[in-house]
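I opened my notebook to go through this model step by step.

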Amino acid sequence: MDNFDWKLLYTLYETRNITRAAQKLYLSQPTITKKIQQIEEEFDTSLIVRQSRGIAFTPEGLFLVEKAQQFLNEYEELKERVHSFSREDVSGTLRIATNAPFARGELPIIIRRFLDEYPKVSFDIHSNYSRNNYQKLISGEFSLGFIRETYSWPYEKIEVSAEKIYVISNGPFHLADLQDMNEVHCRYSQRLSAQIDYWWSSHFDTPIQSSITVEDSNIAVSYVMQGLGFTILPGIVILGMEHLFYRLPLIDEKGHYLTRKTWLYYRNRSLANPVEQLFIKFMQTYAHVNAQKPDNSAFGIAPDTAYRG
């Protein structure tokens, strides 16, 4: 049963005549008859009895007509409330799990834009590694979470961004120079480390020279700023600081950027929460606008030459 089915039943009750109901609903009589049969099959009972001057409803049919009237009244009330619903009236708290780089980099931009539309919404942000956030989403502790990498998620998800992975240094360099430079190495996830290792081995015959190893890419950035070597990291780590470094995006043998994707994972039950539903719809638009584009700073520069900005 959908909205049209309820409207059909109530119109039949008002007119007590299939021909007049068809005219009122701008449908053909066979269409009305077929729809009645479908509803009767769904409830496994007869709803109407044809008479010489029209139709009469069975007790089961009258029961459904009563429910149809209730449903249609509630539906109209719901439409009126939605139409009168002002964005300034939307309030509530969004509890979101996210990884730290996304929380520092892109999430503030997202929240700022969302609050421009819904200023009374508040946010409760919990940052952790994606693998830990994933477990919290699976357990139901959170219903919304920004997750890097790809996990086996049985519900819904939106691809938010596909950030490029860069080699950065505090001085100019060419791709070929990297095999003679020291790397400030980060302890990344197995998946990201495999991406970087594959890229390196496809360009160089010698192993990467790691002189310093750190736990976090933000720490590696500080070492690079002191001229202690280059590092390889997702672009979100230096979001807003691109002008401080020379950078070179990782490109595979087919000419495609190596990227690291961020997804918004959510459960279907979030659609029942008005504020979470608004945020999900907002993110669907944001993800579409945020489609991957070439770096403007790299325009006119050879693909093996690092650029600044």
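This is a predicted model: local features need pLDDT of at least 70, side-chain atom pairs count only at pLDDT 80 or more; totals for chains, interfaces and linings use all residues.

**Entry 1: Tyr26**

I applied the cut-off to Tyr26. Its relative accessibility is 77%, so Tyr26 counts as exposed. I then located Tyr26 in the loop between α2 (18-25) and α3 (29-43). I looked up its phi as well: near 60 degrees, a positive value in a residue that is not glycine. I wrote the background beside it: most residues other than glycine have a negative phi.

**Entry 2: Asp44**

Where does Asp44 sit? I found Asp44 in the loop between α3 and β1 (48-51). Asp44 is no glycine, yet its phi is positive, about 55 degrees. Its relative accessible area is 69%, so I put Asp44 down as exposed.

**Entry 3: helix α1**

I checked the length of α1, which covers residues 3-15. Its 13 residues at 1.5 Å a residue should span 18 Å. The end C-alpha atoms are 18 Å apart, so the two values agree.

Which residues of α1 are buried? I listed Asp5, Trp6, Leu8, Leu9, Thr11, Leu12 and Thr15. I kept the helix rule next to that list: an α-helix has 3.6 residues a turn, so residues three or four places apart point the same way.

Arg16 follows α1. I read a positive phi there too, near 55 degrees.

**Entry 4: the whole chain**

I counted 10 helices and 12 strands.

How does the radius of gyration stand against that of a compact globule? For 309 residues, such a globule would have a value near 19 Å, but this chain has 29 Å. I took the box along the principal axes next. The C-alpha atoms fill roughly 95 × 40 × 40 Å.

I looked up burial for the chain. Buried residues make up 40% of the 309 residues. For contacts, I kept those with a separation of 6 or more; residues 24 or more positions apart account for 74% of them.

**Entry 5: surface and charge**

I ended with charges. The chain has 33 positive and 37 negative charges. Their mean positions are 5 Å apart.

Note on methods:
Residues are numbered from 1 along each chain as its sequence is written. Side-chain values use heavy atoms; hydrogens and water are left out. Helices (H or I, at least four residues) and strands (E, at least two) are DSSP runs, numbered from the N terminus. The radius of gyration is taken over C-alpha atoms; the globule rule is 2.2 Å times the number of residues to the power 0.38. Buried means under 20% relative accessible area, exposed over 50%, partly exposed in between (1.4 Å probe, protein chains only). Contact means heavy atoms within 4.5 Å. Lys and Arg count as positive and Asp and Glu as negative; His and the chain ends are not counted. The place of a charge is taken as NZ of Lys, CZ of Arg, CG of Asp or CD of Glu. The expected span of a helix is 1.5 Å times one less than its number of residues.
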